[in-house]
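Please open the model in your viewer and keep the selection tool at hand.

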2 protein chains.
Amino acid sequence: MTAHDSGRRLGRATRNEDRKAEIIQAALEVIAERGYRGASLAAVAERVGLTQQGLLHYFPTKEALLIAVLEIRDQWDMASAALAGSAWPMEMMASLVEYNATRPGIVQVFTVLAGDSVTEDHPAREYFKDRYRWVRHNAVESLRNEYGDELPGGLTPEQAAPLLIAIMDGLQVQWLHDPEAVDMPASFRDFVKLLTPDDLPKT
Amino acid sequence: MTAHDSGRRLGRATRNEDRKAEIIQAALEVIAERGYRGASLAAVAERVGLTQQGLLHYFPTKEALLIAVLEIRDQWDMASAALAGSAWPMEMMASLVEYNATRPGIVQVFTVLAGDSVTEDHPAREYFKDRYRWVRHNAVESLRNEYGDELPGGLTPEQAAPLLIAIMDGLQVQWLHDPEAVDMPASFRDFVKLLTPDDLPKT
DNA sequence: CAACCCCTACCGATCAATAGGTCGCCCGGT
DNA sequence: ACCGGGCGACCTATTGATCGGTAGGGGTTG
């Protein structure tokens, strides 16, 4: 809150934020390994060199930590969206998938959480519902932007959007289970081919 | 083991199997609601009118119960596969999806488990890996059977198979999160349209 | 038919581990 | 001296699991 960060003294506030970031990072790892329900505060704390109680000092409850984790993803999303002006070209999506294939950990967190959150009273339920809405809406724009209103099979962008998202999620699951049997980026590009109208032979 | 079930006396062995079936059913429900890690033996037991220890009499360990749950799915799969001679027409898949849309519970179990199982040392890890392999293989056959070797976008059945699976899984996740925003069966059919070569205008 | 026994089904008591969370204290920098 | 950061002790719930029992239906024997 105190905005006078004038001096080089990186305010104690900054220190605090740094620590929080570390913790979130650790939480990402642990959740990736054990899921939300299986991720104990103690395990997260240990990874940052804290005790469970020390962790609770930064995030008063486990749910608060989860929320922080989800918010950080939103920040990434927003950042990327800003880069692309809210309508991502397919090519950018493809390279995003490629990038994801590099970081199984991150993919795993959100795959696990997305499954987890379908559960009763899960704290991330609402989050995912909203997120999917947003992502779908975004996909519609991107699709229309790239292919116009008419896609192969007579599909509209509105119809294709859920499919695009489903492909990304579904491929991740298969890929996480068996990276050697599923080439996630290649498969994604295959799907893009399906979406590409074939009346332009593409050189 | 005693094969002389001649009389109408439904052997105590049958009784045993029945009880097990009940328990598995209950386990399906509880897992759907809370995931595997969140599903306590006590909760499952209570649903069948047993104590936790009573349950453990039938399945000596939690993992054993999980395995039984997974096996029952295999039985369903096998049964359906038998019906279709191992190569499912697309139309049958579509109606399977339609059927699934009727039973959110079942879908939820396996969506949750599929996510859950990506986790370290998860007892169902191997199961899902194998299952995906099998399903993919199966999909290849079905696709080739239906469309031949050449699909839209120049894809081979081998390339399209992971996409088909991904669509099913991915749509389920979105649908579970927001059934009103995602029409799973319709979306699946949309995807099938993408796969259908357009040189046959279909009446 | 009765006495007997045995095995299946099931429960009560109990455990060790682990969970998330609270409270009060201390330490060190400013 | 103050305060943010952090820990130790402690608590209560819950978990999966073990052990020792017991109720009773069924078959066997006399």
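The tour below goes stop by stop, with something to select at each one.

This is a predicted model, in which local features need pLDDT of at least 70, side-chain atom pairs count only at pLDDT 80 or more, and totals for chains, interfaces and linings use all residues. Residues are numbered from 1 along each chain as its sequence is written, chains are lettered from A and ligands numbered from 1 in the order in which they are written, and side-chain values use heavy atoms, with hydrogens and water left out.

**Stop 1: salt bridges within a chain**

Side chains of opposite charge can pair when their charged atoms come close. Here a salt bridge is a side-chain nitrogen of Lys or Arg within 4 Å of a carboxyl oxygen of Asp or Glu, and the whole structure has 20 of them over all chains.

Select Arg19(A) and Glu22(A), whose side chains form a salt bridge at 3.3 Å, N to O. Both residues belong to helix H1 (residues 12-38) of chain A, where they sit three residues apart, about one turn of the helix; helices (H or I, at least four residues) are DSSP runs, numbered from the N terminus.

Next, select Glu158(A) and Arg144(A), which are joined by a salt bridge of 2.6 Å, N to O. Because Glu158(A) lies in helix H8 (residues 157-177) of chain A and Arg144(A) in helix H7 (residues 125-147) of chain A, this pair ties together parts that are 14 residues apart in sequence. Glu158(A) is partly exposed at a relative accessible area of 42%, and Arg144(A) is partly exposed at 32%, where buried means under 20% relative accessible area, exposed over 50%, and partly exposed in between (1.4 Å probe, protein chains only).

**Stop 2: the two domains of chain A**

Colour domain 1 (1-69) and domain 2 (86-203) of chain A, with bounds that come from an automatic or database domain assignment. Nine residues of domain 1 of chain A are in contact with twelve residues of domain 2 of chain A, contact meaning heavy atoms within 4.5 Å. How many salt bridges cross the interface of domain 1 of chain A and domain 2 of chain A? The rule finds zero salt bridges there.

**Stop 3: where chain B meets chain A**

Now show both chains, and look at the contact, which takes 46 residues from chain B and 46 residues from chain A. Together, chain B and chain A bury about 4100 Å², with 60% of it on carbon and sulfur atoms; buried area is the accessible area (1.4 Å probe) that two parts lose on being put together, summed over both. Select Gln174(B), His177(B) and Leu194(B), which supply 18% of the area that chain B buries against chain A, more than any other three residues.

Two salt bridges are counted between chain B and chain A. Select Arg133(A) and Asp178(B), which form a salt bridge with their closest N and O atoms 3.0 Å apart. Finally, follow the helices of chain B that each supply at least two residues to the side touching chain A, among them helix H1 (12-38) and helix H6 (104-116). Which helix gives the most to that side of chain B? H8(B) does, with 13 residues.
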